[in-house]
Structures are given as C-alpha cells and as structure tokens.
Amino acid sequence: MFTKEYWHSSAAKLKEIHYIALMAAFIAMKIIVGNIYIPVAQNLRVGINFVLVAVEASILGPVAGIVSAAITDILGFAIFPSGPFFAGYTLTAVCGSFIYAVFFYHKKITVLRIALAKILNNYLVNVLLGSLWSAILYDKAFVVYAATSAIKNTVLLPFEIALLVFVFNLLAPLLVRKQFIEDPGKLPLHWK
C-alpha cells in the first residue's frame, strides 16, 4: 500500500477504456441502488449500496475509487436531489471508498479484512462523519444523530459483513475471468 506502484496502478485505471466503462457502470448502479433504501430516522437510511462501493474499490483501487465516489455523489444529487447539497457528504463517500480500497485492492480479501473495513466504514464514516454533517445541516445535537446512527450501524454490522463475504465469494471467479482483478495465483488474493 505504501508503494508508488500501488497508487499508480489505481490511477492508471483512469486512463484505460475498459476500466472507465466499468467505473461508469458502477456509478450508474450506485446512483440507482443508492436511491433504494428503507428510511430509519431523519437523514438515516438502510441500504445495500455499500456492496457496490466495496466491489468497485477492490477492482479500481484508492485513486480511481475516490474519483468514482465523488462523481457518484455529485451526479446522484443532481439527478435525485434530497435535501440541500452538502460537500461533507461527498467527503463521506470518498472516505468510504478509500477505506474499502485500502483493505481490498491488491490484498487478500478475508473475513477479517471485510469485518475491519466494514467496522471502520460504519463507525468512522457513517456514525462520526454522517452525524456531524446531520448536526451541521439540521441544527440538532451531534449526540442525537450519533446515538441513532450507532444503534443502526451496530445492529446491521454482522448482516453487512455476511453480505460482503457472500458477494465477494460469489463474484471472485467472474472478476478473475474478466481480468478485473489479477489471478489469485499470481497475487496473494484469497476470497474465503
């Protein structure tokens, strides 16, 4: 992760047509799936968009994943506006994609890595950042939003981890066959 090649390989995907097309498909899917959710409380939703973000980050890496996350957030708001536009939510999307990329891109994808990535996303990104943005936008105490978000994210955490494990195990052969990821025989990738 701390090598130039790691970052350059992700940035290079922004110049390759088949990765740009894949990114465009992911952006479209994330915008559509991101608007399918169950509302829980003010500015608090349950959805499965995180699955697409995690899979995309494992393929595109941190640089291309960040670009895709920013485009998805801004374009998604332009197409389906809900509330005021707030750049903090773009930062939230970027941070979420970055965390998944750090844990999955050119790494062994294990249950432990999935759990750690999901825990960081749930508590640092969803609870802390999400609650901060809600408190700024809606003039309620941060603690009110954080408590509700922490409960939701804690209850959903095991189910979200299980869903990611299932999806990665299901998609790994296809991703290798389509050459979106390196063959696990060549890289230290393990999908179980």
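## Salt bridges

Which side chains meet in a salt bridge at 2.6 Å, N to O? They are the side chains of Glu 56 and Lys 30. The two partners come from distant parts of the chain, with Glu 56 in helix H3 and Lys 30 in helix H2 (residues 17–34), 26 residues apart. Glu 56 is buried, and Lys 30 is buried as well. The model is a predicted one, and a search of the whole structure finds two salt bridges in it.

The other pair is Lys 118 and Glu 160, whose side chains meet at 3.4 Å, N to O. Lys 118 and Glu 160 are both buried. Side chains of opposite charge can pair when their charged atoms come close.

## Packing of H1 against H3

Helix H1 (residues 4–12) packs on helix H3 (residues 49–79) at an angle of about 85°, and the two axes are 7 Å apart. H1 is therefore roughly perpendicular to H3, since the range for that term is 65 to 115 degrees. On the H1 side the contact is made by Tyr 6, Trp 7, Ser 10 and Ala 11. On the H3 side the contact is made by Leu 60, Gly 61, Pro 62, Val 63 and Ala 64.

Ser 10 of helix H1 has a relative accessibility of 0% and therefore counts as buried. Leaving aside neighbours within four places in sequence, Ser 10 is in contact with Leu 60, Gly 61, Pro 62, Val 63 and Ala 64, and also with Tyr 105. Ile 59 lies in helix H3. At 1% relative accessibility, Ile 59 is also classed as buried. The C-alpha atoms of Ile 59 and Phe 104 are 8.4 Å apart in space, although these residues are 45 apart in sequence.

Asn 153 is in helix H6. With a relative accessible area of 1%, Asn 153 is buried, because the limit for that class is under 20%. Apart from residues up to four places away in sequence, Asn 153 touches Asn 122, Tyr 123, Asn 126 and Val 127.

Leu 120 has its place in helix H5 and counts as partly exposed at 30% relative accessibility. With residues up to four places away in sequence set aside, the contacts of Leu 120 are Ile 99, Phe 103 and Val 125. Glu 5 is 115 residues from Leu 120 along the chain, and the C-alpha atoms of the two are separated by 25 Å.

## A nonpolar surface patch

Leu 124, Leu 128, Leu 132, Ile 136, Phe 142 and Val 143 form a nonpolar patch on the surface. Together they have about 510 Å² of accessible area. Helix H5 (111–138) and helix H6 (142–177) each supply at least two of the patch residues. The largest share comes from H5, with four residues.

One of the patch residues, Leu 124, is found in H5. Its relative accessible area is 43%, so Leu 124 is partly exposed.

## Positive phi angles in two loops

Where does His 106 lie? His 106 is in the loop between helix H4 (87–104) and H5. Phi of His 106 is near 55°, a positive value in a residue other than glycine. At a relative accessible area of 33%, His 106 is partly exposed.

Asp 139 is located in the loop between H5 and H6. Asp 139 is not a glycine either, yet has a positive phi of about 55°.

Conventions. Residues numbered from 1 in each chain as written. Predicted model: local features only at pLDDT ≥ 70, side-chain atom pairs only at ≥ 80, totals over all residues. Heavy atoms only, no water. Patch = residues over 30% accessible without salt bridge, like charges linked within 9 Å, V, L, I, M, F, W, Y side chains within 5 Å. Areas by Shrake-Rupley, 256 points an atom, 1.4 Å probe, with all protein chains shown as cover. Salt bridge = Lys/Arg side-chain N within 4 Å of Asp/Glu carboxyl O. Buried < 20%, exposed > 50% of the residue type's maximum accessible area, 1.4 Å probe, protein only. Contact = heavy atoms within 4.5 Å. Axes fitted to C-alpha atoms, helices over the stretch in contact; angles between N-to-C directions. Parallel < 35°, antiparallel > 145°, perpendicular 65-115°, else oblique.
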